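Here are my notes after a first pass through the model. Have it open while you read, and go point by point.

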Amino acid sequence: MDQARIRPGTFPVAGLSVDGTSLPPTAELDGSTVSGRPAGRGLPRSVRRPLAALRVMARRPTAGLRATPDFLIVGAQRSGTTSLYRYLAEHPAVAPPVRKEIQYFSLHYERGEDWYRTHFPLARRRRVTFEATPYYLFHPAAPARAAAVVPSARVIALLRDPVGRAFSHWQHNASRGLEHLGFEAALDAEADRLAGENERLLADVDYRSDAHRYWSYAARGEYATQLERWLAHYPRENVLVLRSEVLYEQPGPTYARALDFLGLPSVQLNAYPRYTRRTSAARMTDTARQRLTAYFRPHNEHLAALLGEEVWWEAA
């Protein structure tokens with residue numbers, strides 16, 4: 001049977017953005033700290049977000065002097081992007097942005113490049129900078145927009161078993177009151193919910209789609225199609241695809257691989273904690289798992305052919 005319909009708050013979750021990733025405390029890029037910690041660390045999201053907005057506003061006069069990102073973490077949602085963001089932000093040669101998810105190439109493109117630059121350090125600083133917005137991988141217009149602004153950027157995509165990713169996505173939505181359907185019912189409704197949304201997003205820079213962001217449980221696991229959009233604008237050597245499961249199991253070597261790809265000096269962190277949402281007691285039914293495993297089989301095979309690698313996840 002499908003999961004029972006849920007009510008908001010069934011699975012308590014703290015510190016998550018609406019796109020499904022945790023919102024980490026961020027450092028003030030100009031070096032300010034509070035009690036020896038980066039500014040904003042430990043504050044609730046309701047306080048951090050207005051502070052970040054104020055910092056962005058204050059930086060507008062210096063937007064032209066600020067850098068654009070040297071690399072992007074583009075997704076996938078619920079796939080470990082926050083962990084990799086945190087690891088890379090700790091590197092001494094890296095200056096993180098005002099916040100992890102800027103959403104410029106997805107939700108805020110109409111605000112213009114000056115607005116985007118205000119999130120990054122001054123260009124004269126000799127550190128690379130980046131951002132991590134999981135929605136970029138799935139948003140159909142994001143690759144072309146990114147290529148227009150940062151054509152030489154390197155791109156990192158973290159991909160998780162799409163079956164587990166879809167259920168984690170549903171858990172997150174359910175916990176925040178963004179989903180009133182059970183998991184299998186939500187899968188049944190997905191095609192109708194998303195009908196025409198890609199076309200609208202491509203046609204109108206001001207258009208935002210809550211359905212596309214929130215209810216794309218299976219669609220976001222069609223990784224090959226999404227990567228092909230990025231590879232149409234960035235050369236293959238500028239795109240690194242990592243498995244989330246490997247990041248979780250071997251964070252040190254995976255971090256080292258990312259540093260090598262980015263041309264950054266090799267360093268080892270003292271620890272590699274996993275930054276994620278709290279787990280809930282809900283479990284995926286065998287029926288739903290079998291259904292999704294069959295659904296994703298051709299998509300996983302397409303991904304394997306695109307990357308020249310074996311299928312990573314169960315294809316039965």
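Predicted model: local features only at pLDDT ≥ 70, side-chain atom pairs only at ≥ 80, totals over all residues.

1. A quick convention before the sheet: two strands are taken as paired if DSSP finds at least two bridges between them. With that in hand, strand 3 (residues 71-75) and strand 6 run parallel and are joined by four bridges.

2. How enclosed is strand 6 (residues 154-159)? Five of its six residues are buried, so the rest of the structure largely encloses it.

3. Zooming out, what is the strand order of the open sheet? It reads 4-5-3-6-7, five strands with parallel pairing. Strand 4 (94-95) and strand 7 are the edges, each pairing on one side only. At the strand 4 end, two bridges link strand 4 to strand 5 (residues 128-132), again running parallel, and Val94 faces Val128 of strand 5.

4. Which helices cover the sheet? Helix 10 (residues 223-231) packs on the sheet and touches strand 3, strand 6 and strand 7, its direction making about 180° with that of strand 6. Helix 12 (residues 251-262) lies across strand 3, strand 6 and strand 7 and runs at about 175° to strand 7.

5. Take a look at helix 2 (residues 81-89) too. Eight of its nine residues are buried, so helix 2 is largely enclosed by the rest of the structure. The buried set is Thr81, Thr82, Ser83, Leu84, Tyr85, Arg86, Tyr87 and Leu88. Tyr87 turns up again in point 8, as part of a core.

6. On the helix 6 side, the contact uses Pro162, Val163 and Ala166, while helix 13 brings Arg289, Leu292, Thr293, Phe296 and Asn300. Sorted by class, that contact has five nonpolar, two polar and one charged residues.

7. Now the cores. In soluble globular proteins, nonpolar side chains tend to be buried together. The largest nonpolar core in this model counts 34 residues, and those with the most contacts inside it are Phe105, Tyr116, Leu159, Trp230, Tyr234 and Leu303. What does Leu303 touch, leaving out residues up to four places away in sequence? Its partners are Leu159, Tyr223, Ala224, Leu227, Trp312 and Trp313.

8. There is also a second, separate core, with 22 residues. Its members include Ile73, Tyr87, Leu242 and Leu247.

9. Where is His139? His139 falls in the loop between helix 4 (135-138) and helix 5 (142-149). Is it buried or exposed? The relative accessibility of His139 is 1%, and the cut-off for buried is under 20%, so His139 counts as buried. Not counting residues up to four places away in sequence, His139 touches Phe105, Ser106, Arg145, Leu201, His212 and Arg229. Of these, Phe105 is 34 residues from His139 in sequence, with a C-alpha to C-alpha distance of 8.4 Å.

Terms used:
Residues numbered from 1 in each chain as written. Heavy atoms only, no water. Buried < 20%, exposed > 50% of the residue type's maximum accessible area, 1.4 Å probe, protein only. Contact = heavy atoms within 4.5 Å. Nonpolar A, V, L, I, M, F, W, Y, C, P; charged D, E, K, R; others polar. Axes fitted to C-alpha atoms, helices over the stretch in contact; angles between N-to-C directions. Core = buried A, V, L, I, M, F, W, Y, C linked by side-chain atoms within 4.5 Å.
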